[in-house]
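Here are my notes on the model you asked me to look over.

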Amino acid sequence: MPINVEDYYPRATFDKMKAFADQKETPFVVIDRQIISQAYDDLHAGFPFAKVYYAVKANPAVEIIDLLKDKGSNFDIASIYELDKVMGRGVGPERISYGNTIKKARDVRYFFEKGVRLFATDSEADLRNIAKAAPGSKVYVRILTEGSTSADWPLSRKFGCNLDMALDLLILAKQLGLVPYGLSFHVGSQQRDIDVWDAAIAKVKVIFERLKEEDGIELKMINLGGGFPANYITRTNSLETYAEEIIRFLKEDFGDELPEIILEPGRSLIANAGMLVSEVVLISRKSRTAVERWVYIDVGLFGGLIETLGEAIKFPIWTEKKGEMEEVVIAGPTCDSADIMYENHKYCLPLNLSSGDRLYWLSTGAYTTSYSAVEFNGFPPLKAYYL
Ligand SMILES: Cc1ncc(COP(=O)(O)O)c(C=O)c1O
């Protein structure tokens, strides 16, 4: 199916990005800040009572940090390096959550010394580190959730703990002098099944009630994570529908007196703002009679398209060439045979496509620059321009 760019960007925005891109050498990603600003406003309109903590890992560019800082966002931080970067842009520690459950004790101490007082955890060892290195801080426990089959980029198996362990950890947090503050979950990135939030919120409710009734602990906060959709080939509901449904789930379980609600969006804020521009290096067939063409381009899994691993994220690909289309395999430029973006999912590209033509990868603002290798096969990291 040919891609219609207007399904992904306003026409005027696309024209502006394209005109800019035409003057630059590939590969690179061009990111339109206005789209990010609009996505932030849309999220805020959908969840007017929620505090947004931007997941910096999605794209840690200072242009984005500055924009979101000025819009009033908070920040979900995964490492001391992200912390330094974000605080270096003038963000105060009260706007930061250390959301990574896998961290060194000395890194917890570093955050504490910088003034951060909000920490995620999902294990006893980590909780004990927090109690020692960040005494008196607020902690929230990340729980395991379902949804790994309906998320295009699942996360939950590696992080989180089950319900009983969450109870134990929050009780222990209190004993250790921490503030048992709340619960978090992440239903998986690019989560297409909104009902997964329903099940997760129901689990949260059970923990809230049990702790209150049996241990006198009143939790104050639910962190609903990320998982909100970007606009790729596999269509999703609109963000508005996500918000309406998730608010309905929250109200069913918690009534009108909601606890503090935190959102940690990465992809949904940034992805749609980006367009990765690549050039066709070579087109070949593997035998005289092969019906399938291999299209090799100047960027691949190691240059920013790692989320095509397992063909998980199916980016819309647009080209100026028109005409009869044929199925292709699309691969990157490096000497690693894992560097194949799409082979099973059949992308079609025009038969008249040739070396030197450009492929435009739409909705590539998130998890591209930050994932790009530094020097694999000598290729430099993915360049990015911010409009
Ligand atoms: C703790 C945490 N929060 C938020 C996010 C952002 O999720 P998404 O990009 O799906 O919005 C991630 C993604 O890996 C995460 O690990």
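1. Ground rules first. This is a predicted model, in which local features need pLDDT of at least 70, side-chain atom pairs count only at pLDDT 80 or more, and totals for chains, interfaces and linings use all residues. Residues are numbered from 1 along each chain as its sequence is written.

2. Domains. The protein splits into domain 1 (34-269) and domain 2 (272-386), with bounds that come from an automatic or database domain assignment. Their centres, taken over C-alpha atoms, are 33 Å apart. Domain 1 puts 19 residues into the contact and domain 2 puts in 16; two residues are in contact if their C-beta atoms, placed from the backbone, lie within 7 Å. On the domain 1 side, α2 (33-46) and β7 (151-153) each supply at least two residues. The largest share of that side, three residues, is from α2. A word on the labels: helices (H or I, at least four residues) and strands (E, at least two) are DSSP runs, numbered from the N terminus.

3. The core. The largest nonpolar core has 109 residues, and I130, V139, L183 and M275 have the most contacts inside it. Such a core is a set of buried Ala, Val, Leu, Ile, Met, Phe, Trp, Tyr and Cys residues joined through C-beta atoms within 7 Å. Helix α8 (residues 195-215) gives the largest share, eight residues.

4. In helix α6 (residues 124-133), I130 is buried, and so are D126, L127, N129, A131 and A133. For the record, buried is 20 or more other C-beta atoms within 10 Å of a residue's own, exposed is 12 or fewer, and partly exposed is in between, with C-beta atoms placed from the backbone. The buried residues of α6 pack against α5 (105-113), β5 (118-121), β6 (138-142) and α7 (163-175). Leaving out residues up to four places away in sequence, V139 touches I130 and L127, and its other contacts include F119, A173 and Y181.

5. D122. This residue is in the loop between β5 and α6. Buried or exposed, with 22 other C-beta atoms within 10 Å? D122 is buried. Apart from neighbours within four places in sequence, D122 contacts T101, V141, R142, F159, G160 and C161. N162 is 40 residues from D122 in sequence, yet their C-alpha atoms are 9.0 Å apart.

6. Parallel strands around β11. Strand β11 (residues 260-263) runs parallel to β2, joined by two bridges, and three bridges join β11 to strand β10 (residues 221-223), also parallel. Strands pair here if DSSP finds at least two bridges between them. I262 is the bridge partner of K51 and stands opposite N223 as well. From β10 the chain crosses through helix α9 (residues 239-254) to β11, a right-handed β-α-β crossover; that is, with the strands pointing away from the viewer, the path from the first strand over the helix to the second runs clockwise.

7. An unreviewed UniProt entry lists K57 under "modified residue: N6-(pyridoxal phosphate)lysine"; UniProt positions are in the numbering used here, feature names are shortened, and annotations may be inferred rather than shown by experiment. K57 is in the loop between β2 (51-55) and α3 (62-70). It counts as partly exposed because 19 other C-beta atoms lie within 10 Å. Not counting residues up to four places away in sequence, K57 touches A78, G266 and S370.

8. The unreviewed UniProt entry lists C335 under "active site". Where is C335? It is in the loop between β15 (325-331) and β16 (340-350). C335 has 7 C-beta neighbours inside 10 Å, so it counts as exposed.

9. Strand β1. Strand β1 (residues 28-31) is joined by four bridges to strand β18 (residues 383-386), running parallel, and by four bridges to strand β12 (residues 274-284), running antiparallel. V29 stands opposite A384 in β18, and its bridge partner in β12 is L276.
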